[in-house]
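Q: I have a chain open here and would like to go through it with you. Can we take it piece by piece?

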Amino acid sequence: MNSLPNVLAQAHSASSDLVQAFDWAQPELIAAALVVGLPLVAALAIFLTGKTMWRGGGAVAIAAVAGSFIASLYLFYNHIIGGAEVADYSGAWFHVGTYAFTVGFLLDNLAVWLATIVSLLSLLIIIFSTSYLSDETDGKLRRYYAVKAL
C-alpha cells in the first residue's frame, strides 16, 4: 500500500498521468462543455464584478444561459432529430493510489432532452426576472443573478 508522501510525489512527477486531456476536436464535446461551462463562468464573473454591471449582472446571466441553450439545441438536433449515437466523453481525472476519479460527459437522449429543457426554462426565468425585479436595487441583484446563472 502506498503511503501519502509516495502518492503525492507520484501526483507531482513529470511522468504522471494525473490529468489526462480530452480530445477537444469533437464538436459535441465542446457543446457539452459550453452547456455546463458558460453559466459557471458567468456566475463567477457576476459574483466578482456584479456590483459594477447593469442590473447586478442580469445581462451577463442572460447571455450565458442563452449560449448554454444554443449549445443544448445543437446537441438536441444531433441526438434527437439526427439520431446520433450515445456519446461518452469521459476519462480519468486523477488517481489517488488505486482509486481513479473520472470526469466527463455522457450524451444520450435523456441527458440531451433535460439539458435543453433546463436551459430553456432557466433562460425564460432570468428574462422574466429582469422585469419583475425592476424595483430592486442593483446591489441586491448581484447574488440573485449569479445563483440563477448556475
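Q: Which residues of helix 4 are buried?
A: This is a predicted model. In helix 4, the buried residues are Val 112, Thr 116, Ser 119, Leu 123, Ile 126, Ser 129 and Thr 130.

Q: What about Leu 120, where is that found?
A: Leu 120 is found in helix 4 too.

Q: Which residues form the nonpolar patch on the surface?
A: Leu 120 is one of them, along with Trp 113, Ile 117, Leu 121, Leu 124 and Ile 125. Together these residues have about 540 Å² of accessible area.

Q: Now the whole chain. How many helices and strands are there?
A: The chain has 5 helices and 2 strands. Starting at the N terminus, the order is α-α-α-β-β-α-α.

Q: What share of the chain is buried?
A: Of its 150 residues, 29% count as buried. The chain exposes about 9600 Å², with 67% of that supplied by carbon and sulfur atoms.

Q: And the contacts, what percentage join residues at least 24 apart?
A: That is 68%, taken among contacts between residues at least 6 apart in sequence.

Definitions and conventions: Residues are numbered from 1 along each chain as its sequence is written. This is a predicted model: local features need pLDDT of at least 70, side-chain atom pairs count only at pLDDT 80 or more; totals for chains, interfaces and linings use all residues. Side-chain values use heavy atoms; hydrogens and water are left out. Buried means under 20% relative accessible area, exposed over 50%, partly exposed in between (1.4 Å probe, protein chains only). Helices (H or I, at least four residues) and strands (E, at least two) are DSSP runs, numbered from the N terminus. Contact means heavy atoms within 4.5 Å. Accessible areas come from the Shrake-Rupley method with a 1.4 Å probe; for residues, only the protein chains shown count as cover. Patches are made of residues with over 30% relative accessible area and no salt bridge: like charges are joined within 9 Å, nonpolar side chains (Val, Leu, Ile, Met, Phe, Trp, Tyr) within 5 Å. A salt bridge is a side-chain nitrogen of Lys or Arg within 4 Å of a carboxyl oxygen of Asp or Glu.
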